[in-house]
Number of protein chains: 2
Amino acid sequence: MKLNDKGLLIVLSGPSGVGKGTVRDALFAMKGHNLVYSVSMTTRPPRAGEVHGHDYYFVTREEFEENIRAGKMLEHAEFIGNYYGTPLEAVSENLNAGLEVVLEIEVQGAEQVRQKMPEAVFIFIAPPSLDSLYNRLRRRGTESEEVIRQRIEKAKREINLAYKYDYIVVNDTVENAADKILAIIRSEHASVKRVLKNYKKMLGVE
Amino acid sequence: MKLNDKGLLIVLSGPSGVGKGTVRDALFAMKGHNLVYSVSMTTRPPRAGEVHGHDYYFVTREEFEENIRAGKMLEHAEFIGNYYGTPLEAVSENLNAGLEVVLEIEVQGAEQVRQKMPEAVFIFIAPPSLDSLYNRLRRRGTESEEVIRQRIEKAKREINLAYKYDYIVVNDTVENAADKILAIIRSEHASVKRVLKNYKKMLGVE
């Protein structure tokens with residue numbers, strides 16, 4: 001029995017290198033859910049094989065800034081000269097259609113979502129240790145030792161913001177993490193603050 | 001990875017006739033949990049086949065009242081001349097041993113637990129409709145139409161207390177309800193308020 005007519009906005013965030021993308025992929029590979037992934041908008045050029053509307057909405061800098069000005073971005077940030085962000089409209093449409101919308105975003109973006117949609121479910125994907133984070137960043141092989149060190153320091157600052165989230169899911173194994181996120185989604189659909197009003201209406205008890 | 005050293009106290013409550021006992025049995029029949037059931041204490045005489053320490057702790061009225069006076073009851077109530085209640089000590093020992101302790105108690109008892117152990121997880125087992133509750137109570141065949149009517153009125157008053165709980169689990173099917181409760185338990189073990197302190201300690205991030 002479903003007492004929520006609307007879907008949940010599930011915000012997956014956490015330090016760079018923690019494996020947010022891998023956890024999200026594992027989550028979507030699981031059965032028995034009603035999840036849609038929110039496609040981000042960006043001004044960076046598409047890489048080989050990337051499809052507009054699937055991997056990203058690829059737009060010009062002018063279009064992106066027009067979206068920001070018009071209040072059409074749920075969150076956005078600039079990295080290395082390019083904008084990245086979440087268009088609000090698709091999120092709202094999917095939520096109204098009863099789908100759970102998953103955002104996989106940086107900690108900074110999660111902060112913006114928290115201000116605009118505090119009813120979202122905020123999940124901090126956390127590394128099992130700082131060493132494991134370091135090893136993951138090194139394995140990527142794309143960054144210098146100095147940049148990795150800076151990322152670890154940034155991760156520590158972000159972990160200090162974890163108190164603002166609803167849940168901490170340690171990415172010890174990807175399956176474990178994805179499984180926990182599904183449990184969180186089921187559980188949130190039973191939370192009193194989300195369902196009580198509809199439940200009482202359904203029963204005719206006021 | 002388990003960040004909670006202590007188990008959770010899971011309070012299952014809800015109106016009489018909603019099927020709390022059946023849901024609890026289904027919950028314990030499921031795999032992959034760490035649950036123990038808290039055995040209640042009562043002054044009513046054992047029925048045929050009931051075992052002391054398994055079904056209930058059967059005690060005298062004097063012993064029960066001595067336990068109340070000594071602050072050894074987590075909650076208690078009197079029904080039709082007999083005391084029923086939850087001894088505190090066994091609950092605390094099991095929680096400290098990392099087990100999840102399940103209480104299946106009346107709404108009145110849940111109120112007492114809320115005052116003594118607000119960190120417990122409060123789950124309101126709710127009927128899918130008032131008709132279904134009526135039918136369940138009739139099927140028992142033990143009560144007059146008038147008593148059933150009174151129970152329905154009491155159920156309505158109890159549903160109006162559901163806002164004090166953390167979750168509402170509608171007992172549409174027993175399997176669904178038990179499954180949701182397991183999800184809630186998993187989810188609560190990831191809740192920031194329960195794990196953040198231990199997580200940061202584990203990481204050495206303060």
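In chain B, five strands form an open sheet in the order E2-E7-E1-E8-E9, with parallel pairing, where two strands are taken to pair if DSSP finds at least two bridges between them. Helices (H or I, at least four residues) and strands (E, at least two) are DSSP runs numbered from the N terminus. The edges of this sheet are strand E2 (35-37) and E9 of chain B, each of which pairs on one side only, and neighbouring strands are turned by 30 degrees against each other on average, direction ignored. The structure is a predicted model, in which local features need pLDDT of at least 70 and side-chain atom pairs count only at pLDDT 80 or more, whereas totals for chains, interfaces and linings use all residues. Residues are numbered from 1 along each chain as its sequence is written, while chains are lettered from A and ligands numbered from 1 in the order in which they are written.

Within the sheet, strand E1 (residues 9-13) and strand E8 (residues 121-126) of chain B run parallel and are joined by four bridges, and B:Ile10 stands opposite B:Val121 in E8(B). Helix H1 (residues 20-29) of chain B packs on the sheet, where it touches E1, E2, strand E7 (100-104) and E8 of chain B, and its direction makes about 160 degrees with that of E7(B). Contact here requires that the C-beta atoms of two residues, placed from the backbone, lie within 7 Å; axes are lines fitted to C-alpha atoms, for helices over the stretch in contact, and angles run from 0 to 180 degrees between N-to-C directions. Helix H3 (residues 88-96) of chain B lies across E1, E2 and E7 of chain B, running at about 145 degrees to E7(B).

In strand E3 (residues 40-42) of chain B lies B:Ser40, which counts as partly exposed because it has 19 C-beta neighbours inside 10 Å. A residue is classed as buried if 20 or more other C-beta atoms, placed from the backbone, lie within 10 Å of its own, as exposed if 12 or fewer do, and as partly exposed in between. Leaving aside residues up to four places away in sequence, B:Ser40 touches B:Tyr56, B:Tyr84, B:Gly85 and B:Thr86.

In chain A, the buried residues of helix H4 (residues 107-116) are A:Val107, A:Gly109, A:Ala110 and A:Val113. Seen down the axis of H4(A), these residues fall within an arc of 150 degrees and so line one face of the helix, the arc being that of the directions from the helix axis to the C-beta atoms. Their cover includes strand E1 (9-13), strand E5 (73-79), strand E7 (100-104), strand E8 (121-126) and helix H6 (145-159) of chain A. A:Glu145, placed in helix H6 of chain A, is exposed, with 9 other C-beta atoms within 10 Å.

The contact takes 31 residues from chain B and 31 residues from chain A, and H8(B) gives the most to the side of chain B that touches chain A, with six residues.
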